[in-house]
Amino acid sequence: MDFQSSSEFNDAPQMLPPPPGTFVDREELIQHVGDFAVSQGYVVTIKQSKRDRVVVLGCDRGGVYRNRRKPVDESSAESLRRRKTGSRLTNCPFEAVGKKDDGLWKLSIKNGAHNHEPLKDLSEHPSARRFTEREVLLIKEMTEAGLKPRQILKRLRQSNPELLSTPKHVYNVKAKLRQGNVTVCPLGDVLLREDYHRPFERRVVRVRNFKSLRPQKTAVRNNYQSVMEPSWRQRNPPRVPNLIGGRFVDSKSLTSIDVVNPATQLIVSQVPLSTNEEVRAAVFAAKRAFSSWRNTPVTNRQRIMFKFQELIRRDMDKLAMEITSEHGKTLTDAYNDVLRGLEIVEHACGVATLQIGEFVSNISNGVDTYSIREPLGVCAGICSFDFPAMTPLWMFPIAVTCGNTFILKPSEKVPGAAVILAELAVEAGLPNGVLNIVHGTDDIINAICDDDDVKAIALVGPNSCNIGAKNHAVVMPDASIDATLSALVAAGFGGAGQKCMALTTVVYVGSITPWEDKLVEHAKAIKVNAGTESNADLGPVPGYENGNFIGPTILSDVTVNMECYKEDVFGPVLLCMQVLPLISFSVGSHISKLVFVVKLHIFVSQAESIDEAIEIVNRNRRGSGASIFTTSAVAARKFQIEIAVGQVGINVPISVQPPFTLFTSSKPCFAGDLNCDGKGGIHFYTQIKTVTQQWKDLPGNVETPTSNSNGESLQLLNS
């Protein structure tokens, strides 16, 4: 066969191949090649694919034919042969290869040349005439209603005036539907046999051995909410996705953990146990995004946080319901969970003023020095389950606004709120790779901690980390009874006691008798029910027989040698020892006794004096804070000075501090040197750089001697 000479295209504009690089997954690599191809005037097609190993991309000429001009001296037979062969498409030699290597996909260009002119108008390419999934679903429905192709096309153009398809294309789709080559799912999902689907915006393409990427698809940020729900939401139950490089993707792992609603025992979702390769991909995406993100003006980063907090307020109901369905806390507690986290986002909106360094002028003759705060790089956060929204918001808003990129590992027990927050952050304008999410358990935590590219890790977890705490309340004989009881019940039983700031131990100075019966009465008044019920004070009992419900528990006569005092109980319980009967609830024709004693405890001890009470508190190594309830300023001041905890409450319980203050603890329940949230988070996620400069026209080398205020010669030390 006589192929057209490549010299015919010497005068044509050159179409460059995409730059090689490394990508977090196959889809990102394909999108990179496809987007670059569009900018150069050609359309990319998948020629060969082994989904988990290699993908070969070629050029889809899309109707660009060879020159069929007949030479003057050709015989008629030869002319006929050339005309027939010349009417066929010529394969373009362009070829790009993507291969998976150590969890990442690497692009190489095997042949970057083309043998045709660039497309002047990409809308003329056949791939531009394909229908969206929604349009295919409408074609199916209108066909069943008896409409003809021209009528169908007319109605489709009412919602999409730029639709380039013809009645013939509608007819072809109808034929494929009849033949079973296209399946339309109830949610509008379109499945083609042996077909490639682009994530979040899949398109119907011709059933053939290779698939063209839509030329209109450019480097627009992930518009995954624009047309259809992503595939992970269409599962029943849904499988929460990872967020890697700006894309929500299903984990390659086949192993999942069920997320169960504690009120009903129904499965809410499934959490994948992500692979170490996916952790490396997330770290790579974060590291790649860091250089451009750190150079983004801080005012621009703040604007994203302003938009982020606006979106959180918009979806407050959605977040609270997700928290209640996964965690079990009441809707009121769930709203408070989100609101406390929202305070951190609002604090991040003003981070520019908190990153201001210091400047000292003329420390020597013509020498100035100043310090600046710079981001660290890739940071990570590992979350506990007690505050599904607040804990992630403690971490990544401050970190990314300071210029870092972030990898979040939500609690595998309550992942939903973190995913919703990530969706909102992307919607607010956070660039691809700045925030990443990887789900899993201990293996994923270890992989994050072992990665040398991760510069800082914020962890809220059990045992010796931020979450475990044995906080005390010392009640003096002169304390106001009503106010003290209200505070003890709220701080001891609120949030089912599943929070690090819960008051778990009450130490009475003097006799317990005046308090005991009234405390029991207050505990009995607490309504235990599903968190979604409007009258619930304490989430996950009657009416929800399959749920995990535990009433408030009071243990009296506890000593420091008891196991319940030494260890964290961290949950809602009503255990009645000695004088307190077991509380029963009547449900229908049976009695449901609250005997599942795992959560909410108030431990009651008795001391003879305030000195003994302070000694009890100070001997416990697990306290983040302690409160005293008294009307004596002398006792309160003595307690404030002598108590060895980081947070002290006087006639109030201890609580999570506002973001413009510092969370503090002097006990092992806090490990580390800095806090990750609020004001302390600015210091945690940045590092100081000191610059000394001299701008001076000198004939030779710059002099290094300096002098102090007395004129004595000093030297700038070089180390």
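Visitor: Let's start with R314. Is R314 buried, partly exposed or exposed?

Guide: R314 is partly exposed, with a relative accessible area of 49%. Here buried means under 20% relative accessible area, exposed means over 50%, and partly exposed is in between, using a 1.4 Å probe and protein chains only. Keep in mind that this is a predicted model: local features need pLDDT of at least 70, side-chain atom pairs count only at pLDDT 80 or more, and totals for chains, interfaces and linings use all residues. Residues are numbered from 1 along each chain as its sequence is written, and side-chain values use heavy atoms, with hydrogens and water left out.

Visitor: Which side chain does R314 meet in a salt bridge?

Guide: That's D315, at 3.0 Å from N to O. A salt bridge here is a side-chain nitrogen of Lys or Arg within 4 Å of a carboxyl oxygen of Asp or Glu. D315 counts as buried, at 13% relative accessibility.

Visitor: How many salt bridges are there in the whole structure?

Guide: The search finds 23. One of them pairs K100 with E277, at 3.3 Å from N to O. K100 sits in strand β4 (residues 95–101) and E277 in helix α7 (residues 276–294), so this pair ties together parts that are 177 residues apart in sequence. Helices (H or I, at least four residues) and strands (E, at least two) are DSSP runs, numbered from the N terminus.

Visitor: And how exposed are K100 and E277?

Guide: Both ends get the label partly exposed: K100 has 31% relative accessibility, and E277 has 32%.

Visitor: What about K689, which residue does it form a salt bridge with?

Guide: K689 goes with E374, and the closest N and O atoms are 3.1 Å apart. K689 is partly exposed at 38% relative accessibility, while E374 is buried at 15%. There's also a network of salt bridges linking K47, E95 and K110.

Visitor: Is α1 mostly covered or mostly open?

Guide: Mostly covered, with 11 of its 15 residues buried. Among them are R26, E27, L29, I30 and V33.

Visitor: Tell me about V33. What does it touch?

Guide: Leaving out residues up to four places away in sequence, V33 touches P18, V44, L57 and L107. Contact means heavy atoms within 4.5 Å. V33 counts as buried, at 0% relative accessibility.

Visitor: How do β2 and β3 run, parallel or antiparallel?

Guide: Strand β2 (residues 43–50) and strand β3 (residues 54–60) run antiparallel, joined by seven bridges. Two strands pair if DSSP finds at least two bridges between them. A hairpin of three residues connects β2 to β3, and K50 stands opposite V54 in β3.

Visitor: Now the inside. How many residues are in the largest nonpolar core?

Guide: It has 60 residues, and those with the most contacts inside it include F308, M395, L408 and Y685. Helix α13 (residues 416–428) gives the most to this core, with 10 residues. Apart from it lies another core, of 20 residues, including L485 and W515. A nonpolar core is a set of buried Ala, Val, Leu, Ile, Met, Phe, Trp, Tyr and Cys residues joined through side-chain atoms within 4.5 Å.

Visitor: And what does L408 touch?

Guide: Not counting residues up to four places away in sequence, the contacts of L408 include P392, M395, F396, L435 and V438.

Visitor: Last one. Where does W695 lie, and is W695 buried or exposed?

Guide: W695 lies in the loop between β27 (686–694) and β28 (705–707). At 73% relative accessibility, W695 counts as exposed. The W695 side chain makes a polar contact with the side chain of Q693, at 3.3 Å. A polar contact is a pair of N or O atoms within 3.5 Å; within protein, one must be able to donate a hydrogen and the other to accept it, and residues adjacent in sequence count only if both atoms are side-chain atoms.
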